[in-house]
Amino acid sequence: MRTPPHFDRGHTDDLMSFLSASPSPYHAVANAAERLEKAGFRQVAETDAWDGSLGGKYVLRGGAIIAWYVPEGAEPHTPFRIVGAHTDSPNLRVKPRPDTGAHGFRQVAVELYGGPLLNSWLDRDLGLAGRLSLRDGTSRLVNVDRALLRVPQLAIHLDRSVVSDGLKLDKQRHMQPIWGLGDDVRDGDLIAFLEGELGLTAGQVTGWDLMTHSIEPPAYLGRDKELMAGPRMDNLLSVHAGTAALAAVATTGDTLPYIPVLAAFDHEENGSQSDTGADGPLLGNVLERSVFARGGSFEDRARALAGTVCLSSDTGHAVHPNYAERHDPTHHPRADGGPILKVNVNNRYATDGSGRAVFAAACEKAGVPFQTFVSNNSMPCGTTIGPITAARHGIRTVDIGVAILSMHSARELCGAKDPYLLANALAAFLEG
């Protein structure tokens, strides 16, 4: 195996910084955009007319970002190489009427987003972050990154059945965090507090998309720091790797046979059916407009998409040492074994044999090992944006990712080398 061409251990250090700075999808795409700006990309508005100029461009919409780089010599029918990912993670999200409480405690009413491991959110210091929509039509990001909220677990003395029957949580009654003391709960208190945090005047905020996050920072773990623990790896690990790979490819100055693209969507954890989700029109619109801006026709668009390949990059399951029987007996992805190729013959993943060959070639070029994941036949298989992307756009799609433990926990775990191995494989794929 040769030395990876772009990324080393410093990539994992940078991932940790990215995770800390991205407590919501809105923060994640803002941070990805900032990194792309430094690599020479510029934002284009969907409401503006686009030109066919060379170089890097990106579109932001809510918690989604689509970025692409038009290299020298690109034709209108030049195919795309797409890295797909998602920016959202399971968590607790603030309800439209957030102010509640009982018995002298002030609480925040939350709704469960995605499929969080509920017990991982108990007795954990939580911050609050997201997007505030203002009366003048603009929006502001907010991040209260300190111990503001907590979901307290019931003491064992008041529920001895936990020992014999295990912890049982009611999603409505048991998951509402506390954030203070007092019986004088008033509508508007939480939003007024956030307006104060941003220095806004009272009544400026008329809408919000807010969510909790663990304030514990990412950290290396293990005797030799060979593991990394942190929040939102599913799937900001892939968003970060895709951003880094696209920026690296765009700044090499090499001639590229494809147009490299990063497509990071929101709402994967609840089905992708939104204007910023993979099942929405955003990616198709951007690809089509890129073709037409370069003087292409409908025929050029069809030719470009026919030659396009997407790597749908999302985290997958490393074999769990305490539950090895839950995995397929002949497919045991290991931490730091390199990215995983996800396969499911019932099309829960989009990978087929030809897609495997594309990914294998990219890994070979990058000098990166890879592994294969297949679910145990006795268990249902999860899914990704991969099959959605393939079906909606007619694009050959391959499902890949990094193997982790504790998926959907408030804090997940991976091998410390795997993030930069993934990034190198993605860069080799985008280079073609």
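A search of the whole structure, which is a predicted model, finds 19 salt bridges.

**Salt bridges**

The side chains of Arg35 and Asp14 meet in a salt bridge, with 2.3 Å from N to O. This pair links distant parts of the chain: Arg35 sits in helix H2 (residues 25-38) and Asp14 in helix H1 (residues 9-20), 21 residues apart. How buried or exposed are the two partners? Arg35 has 27% relative accessibility and counts as partly exposed. Asp14, with a relative accessible area of 32%, is partly exposed.

Another pair is formed by Arg61 and Asp275, whose side chains meet in a salt bridge at 3.8 Å, N to O. Here, too, distant parts of the chain are linked, as Arg61 belongs to strand S2 (residues 55-61) while Asp275 lies in the loop between strand S13 (259-265) and helix H6 (282-293), 214 residues apart. Asp275 has a relative accessible area of 43% and is partly exposed.

Arg97 and Asp187 also bring their side chains together in a salt bridge (2.7 Å, N to O). Arg97 is in strand S5 (residues 91-102) and Asp187 in the loop between strand S9 (178-181) and helix H4 (189-198), so the pair ties together parts that are 90 residues apart in sequence. At 63% relative accessibility, Arg97 counts as exposed, because the cut-off for exposed is over 50%. Asp187 is exposed as well, with a relative accessible area of 55%.

| Pair | N to O distance |
|---|---|
| Arg35 and Asp14 | 2.3 Å |
| Arg61 and Asp275 | 3.8 Å |
| Arg97 and Asp187 | 2.7 Å |

Salt bridges can also join into a network, and one such network links Arg106, Asp184, Arg186 and Asp189. As a general point, side chains of opposite charge can pair when their charged atoms come close.

**Strand S18 and its partners**

Strand S18 covers residues 396-401, and five of its six residues are buried, so the strand is largely enclosed by the rest of the structure. Strand S14 (residues 309-313) runs parallel to S18, and five bridges join the two. Strand S16 (residues 340-342) pairs with S18 as well, in the antiparallel sense and over two bridges. Which residues face Ile400 of S18? Ser313 has Ile400 as its bridge partner, and Leu341 stands opposite Ile400.

**Helix H5**

Helix H5 (residues 233-250) has 18 residues. From its first C-alpha to its last, H5 reaches 25 Å, close to the 26 Å expected at 1.5 Å a residue. How many of the residues of H5 are buried? The count is 18 of 18, and H5 is mostly covered.

**The largest pocket**

The largest pocket has a volume of about 950 Å³. It is lined by 36 residues, and those closest to its centre are His317, Pro380, Gly382, Met407 and His408. Which strands contribute to the lining? Strand S15 (316-317) and strand S19 (403-405) each supply at least two of the lining residues. Sorted by class, the lining of the largest pocket has 13 nonpolar, 16 polar and seven charged residues.

Definitions and conventions:
Residues numbered from 1 in each chain as written. Predicted model: local features only at pLDDT ≥ 70, side-chain atom pairs only at ≥ 80, totals over all residues. Heavy atoms only, no water. Buried < 20%, exposed > 50% of the residue type's maximum accessible area, 1.4 Å probe, protein only. Helix = DSSP H or I, 4+ residues; strand = E, 2+ residues; numbered from the N terminus. Pairing = 2+ DSSP bridges. 1 Å grid on protein atoms, 1.4 Å probe; cavity = no way out; pocket = protein on both sides within 12 Å on 5 of 7 lines; lining within 4 Å. Points joined across faces, edges and corners; volume = space filled by probe spheres on them. Nonpolar A, V, L, I, M, F, W, Y, C, P; charged D, E, K, R; others polar. Salt bridge = Lys/Arg side-chain N within 4 Å of Asp/Glu carboxyl O. Expected span 1.5 Å × (residues − 1).
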